[in-house]
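Dear colleague,

Please find below the sequence and the structure that I am handing over to you. My notes on what was found follow directly after them.

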Amino acid sequence: MSGDAYRDKVNKLKRSNSHESIPLQSLTTLIQSKLTSDGVGGLSYDAKNNNVSILPSNDGIVSSPYENASSATNVLSLLPLAYGGLRGSKSEQELTMSLPEQQLTVAFTKDLLLPMSFLSGEEDVKLREYVTYHSQEKVPYRGELIVTKYRLLFVTKSPDPIQILVNVPIGMIGQIEKIGGQTRSNISDSAAYGIGLNCKDLRYVFFANSKEQHQRRNLFDNLNRLAFPFSICKEDIKKPLAFYSSFFAWNYKKKMCPNEIDEGWKLFNKIKEYTRMGIQRTGDSHWKIDTEINKYYQFCDTYPDTIVIPSNFDASRLQFVATFRSRNRIPVLSWYSSSTFATITRASQPLTGLNRKCQHDIDYLHEIANTNLNKGSELFILDARPKVNAIANKAQGGGYEDYPECGLEFQNIQNIHVMRESLNKLHISMRSAPQDDKTWLNDLENSSWLSHIRAILTSAKRLVSLVINDERSVLVHCSDGWDRTAQLTSLAMLILDGYYRTLNGFMILIEKEWVSFGHKFLCRIGHGDKIESERSPVFIQFLDCTYQLLQQSPSHFEFNEQLLLTIADYLYSCQYGTFLQNSEKLRTDMKLSEHTMSAWTPILRDRQTYINNNYNKNSNETLLVKNTDQIKLWKNYYCRYYQ
């Protein structure tokens, strides 16, 4: 299609989302308009002939300040109470639908005629605006910003050749900021003025806006409604329909497999995985697979419904242990060696405060130690936190174990806030200078990102040494046991157990140690919420550490780097449901597998893409982790948009 033809098509289909650009209709017309079957309210645009039709109705209109943000909507908010009945006559489904789903459809992707394929379920266009895009090379391009339920696009317009210069999933947007002065009177013509998008995958996108007609304000508001619906309506997180309809994963599932559970959700079977390690299904003299104590998640709502605990500990005492552990996250089994009986268990911090003790907790750890027939009662505890942080937690009611017959080491892995700031500094360094520039190298060092990756790997290496060389059983925890704890247990298991270095095994490892044990993906990724206080790149650090191990021992992994890059993208994109919630309980209660597809399904269906051709199937032994000083920046992930 020629540039002129594309421009004509755009002009016919375009419907602006700016307040000032939509002429006010009479109140009679507004009250009589309604949602059409294709989701367009007020004026219905026929996709074929572009005729405009007024649709009379007695149902009233859908009146939300988040629908299209047009002047018509603003007028409705000023109507007298006499019109309240009309405005309040939404159906139950409309009342519980999310803000992105309520956002009016302004066009359809099938009519855009772009040189790309859209995903199933990505039929509706929610926003269209003419803007100027500034590339990484500071070259300006005039064109159109197009937003669907899944992605944000920038498409050049005539006389330039038609190109898609920006293609960012909505879930990737981490922050939307106004660039330039806050009032038009104090902005020079040469100053940057527009919208900047900081993306979670380290991209940065800048769109220049007109300084007239409040274009920037309207674009800023509309993008925030689409990207961060939970920042506008917090209650939507608790409403299943509103929650799911906030994410494209819901639309995608309805189109791809609406009446069946896809195979990715069936990949991980807890009992099967524990029996693979050597734990007997019916229990033995050491450990038992317990499916009752946390049935319906009443014992611990952030743990899985199936846990492995010592066989010989009186179950009636476990509640006392739970009340002495943060969030009731008692020590439970993560990994078991059937040859040496050494184990890795995980938990949260004990609530020792300044001087509290719990004999039940002490006895419970003693029983865990006794399951190791070779080393008896010698349990070793790795506290992932810096010691100064653990001491500070004592003053707030938390603490650490100072128990007889237990070794204790602190691992100096920083908290989520330090890690978030470190990644932000890395992001800024990517934008500031070329990667071979001396300034960039200094900025990289100052970000401390590689230092944090090194600290995590060093701690995992220490954990493996205790289990393999000393045949010790080790308990791992941080504060709540769902961030740094998951990093150390999963990395140690990856190093120790060749099964987790297979393609299926790696996905099962993530399901087991991260998803089922309550890593707060919704909060740590910031899905649908612009508040950053709970965000942290904890899981990305795990993928980064896995990349470092893959580089050191490439023949020991069945999967390749592409798998890590794909998982990192699925983490943010909201195309799949695997990483959308904080706990197994919430996924179960909200029937996640019925409303979204698993991120593992497309990987299982395209296995060959992720297979490492250099894999040695006989390399099941423990990995030899080389000097952690040899780690390097994962450029294929962090630098891929700046090369």
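Helices (H or I, at least four residues) and strands (E, at least two) are DSSP runs, numbered from the N terminus.

Before the findings, a word on the basis of these notes. The model is predicted, so local features need pLDDT of at least 70 and side-chain atom pairs count only at pLDDT 80 or more, while totals for chains, interfaces and linings use all residues. Residues are numbered from 1 along each chain as its sequence is written, and side-chain values use heavy atoms, with hydrogens and water left out.

Helix packing

The axes of helix α17 (residues 449-468) and helix α18 (residues 484-496) come within 9 Å and cross at roughly 60°. The two helices, α17 and α18, are therefore oblique to each other. Their crossing is right-handed; a crossing is given that name if the near helix is turned clockwise from the far one by less than a right angle, and is called left-handed if anticlockwise.

Among the buried residues of α7 are R216, F220, N224 and A227.

Salt bridges

A salt bridge is a side-chain nitrogen of Lys or Arg within 4 Å of a carboxyl oxygen of Asp or Glu. The structure holds 27 of them.

One of these joins the side chains of E263 and R605, at 2.7 Å from N to O. This pair links distant parts of the chain, 342 residues apart: E263 lies in the loop between α10 (248-256) and α11 (270-277), and R605 lies in helix α25 (residues 600-605). Both partners are partly exposed, E263 at 33% relative accessibility and R605 with a relative accessible area of 48%.

The loop between α10 and α11 also holds K266, which is exposed at 59% relative accessibility. K266 and T601 are 335 residues apart in sequence, yet 9.5 Å apart in space, C-alpha to C-alpha.

A second salt bridge connects K585 with D589, with the closest N and O atoms 2.6 Å apart. Why do K585 and D589 lie about one helical turn apart? The reason is that they are 4 residues apart in helix α23 (residues 584-589). An α-helix has 3.6 residues a turn, so residues three or four places apart point the same way. K585 is partly exposed at 25% relative accessibility, as is D589 at 44%. Elsewhere, salt bridges that share partners join D483, K520, R524 and E534 into one network.

The side chains of D111 and K110 also meet in a salt bridge, at 3.5 Å from N to O. Of this pair, D111 is buried, with a relative accessible area of 10%, whereas K110 is exposed, at 61%.

Backbone and cysteines

L202 has a positive phi of about 75° although it is not a glycine. The residue L202 sits in the loop between β9 (194-199) and β10 (204-208) and is buried, with a relative accessible area of 2%. Y297 likewise has a positive phi, near 60°, in a residue other than glycine. The position of Y297 is in the loop between β11 (287-290) and β12 (307-310), and Y297 is buried at 8% relative accessibility.

A disulfide is a pair of cysteine sulfur atoms within 2.5 Å, and by this rule the count comes to 0. As for individual cysteines, C639 is buried, with a relative accessible area of 0%, whereas C233 is partly exposed at 25%.

With kind regards

Terms used. Buried < 20%, exposed > 50% of the residue type's maximum accessible area, 1.4 Å probe, protein only. Axes fitted to C-alpha atoms, helices over the stretch in contact; angles between N-to-C directions. Parallel < 35°, antiparallel > 145°, perpendicular 65-115°, else oblique.
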